[in-house]
Each structure stands twice: as C-alpha cells, then as structure tokens.
Amino acid sequence: MVSDGNSDLERGDPSGSGGGGAADPRRLLATIYVALAAGVVGIVLVFLLIGPAAGQTVDRSIFRWIWLAAAVVCTLGAGAVRTRAGAVSPDARSVVPAAVVAWSLAEAQALLAGIGYFLTGDLPILTVGLLLFVFLMARHRPAVFLARP
C-alpha cells in the first residue's frame, strides 16, 4: 500500500479524528468556557426552582463570611493564574490549563453562593455570587488567554 502522507496517523493524530479539533486552542477554550457557564446557570436555576432547603437552620451571617473569604481567594487566584499564563510559553495550547483553573475558581465561588442560597435562603449572596461570576468570566474570557503580550 502506498501512502500519500496525509493520513491522521502519519500527521501525528492518533485519534483519527481528522480535524485536529483538540489541538485548536480557540475551539477548546470556547467549549470549556461555555460548558462552565452553562453548568453554573443550570445549578442556579435548579436551586431557584427548588427553593431554600434548610430555611433558617443555617446561620446566614456565618455563611456570608465563608463565601466572602472564598470569593476573595477565587478572585485573586484567577487573576494570578491569568497573569502567569502569558509568561509560560509562546504556544497557545499552553494556556488551556491556566484558563481552566481561572474559570474553575470563578465557578467555585458562584457554586458556593448557590449552595449558600439553597441552605439559608439568602438571595443577596446568590445575586452577588452570580454577579462576581459574570465579572470574572468576562474579565478572563478565552480571547484574553490567547492574546500574546
């Protein structure tokens, strides 16, 4: 059998996918970005539809302090990860792990705010957590990670 050098295996794509979609960092980052955002929206909608489960049995003020500490750590962590991502490598694929970590930190505080609402019925914590999530996701969008200084 004569090879023309164009098969997936000969080009180094053992998956045989034909498109090299996993190697395209723009597409990969956009997919992960949308999936994380959709996950937060989905869980918040479920919590809003079900409503607070525990009512007043969990102290709101304690949970607010817990969430605030987590929100500060997540916000600062996402910024630090993004700052370091640009200095890692000129290869655009090298920023994918940093982007996932930054977005996961944004998601973590939002999910904690959702859990806080679910346990305490504290709608302001949910609102602030979602606003912070939107801010962090807008600030750390895929194009920012792919931009080279």
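**View 1. The whole chain and its surface.** The accessible surface of the chain comes to about 8700 Å², and carbon and sulfur atoms account for 69% of that area. Please keep in mind that this is a predicted model. Of the 149 residues in the chain, 30% are buried.

View 2. Consider next the contacts between residues at least 6 apart in sequence: 81% of them join residues at least 24 apart.

**View 3. The salt bridge between D122 and R64.** A search of the whole structure turns up 1 salt bridge. In this close-up, the side chains of D122 and R64 meet at 2.5 Å, N to O. The two partners come from distant parts of the chain, 58 residues apart: R64 belongs to helix α2 (residues 60-85), while D122 lies in the loop between α3 (96-120) and α4. Side chains of opposite charge can pair when their charged atoms come close. How do the two partners compare, buried or partly exposed? D122 counts as buried because its relative accessibility is 1%, under the 20% cut-off. R64, with a relative accessible area of 38%, is partly exposed.

**View 4. H140 and the residues around it.** Look for H140 in the loop between α4 (123-139) and α5 (142-146). Its relative accessibility is 3%, so H140 counts as buried. Leaving aside residues up to four places away in sequence, H140 touches Y33, A78, G79, R82, W103 and F145.

Definitions and conventions:
Residues are numbered from 1 along each chain as its sequence is written. This is a predicted model: local features need pLDDT of at least 70, side-chain atom pairs count only at pLDDT 80 or more; totals for chains, interfaces and linings use all residues. Side-chain values use heavy atoms; hydrogens and water are left out. Helices (H or I, at least four residues) and strands (E, at least two) are DSSP runs, numbered from the N terminus. Buried means under 20% relative accessible area, exposed over 50%, partly exposed in between (1.4 Å probe, protein chains only). Contact means heavy atoms within 4.5 Å. A salt bridge is a side-chain nitrogen of Lys or Arg within 4 Å of a carboxyl oxygen of Asp or Glu. Accessible areas come from the Shrake-Rupley method with a 1.4 Å probe; for residues, only the protein chains shown count as cover.
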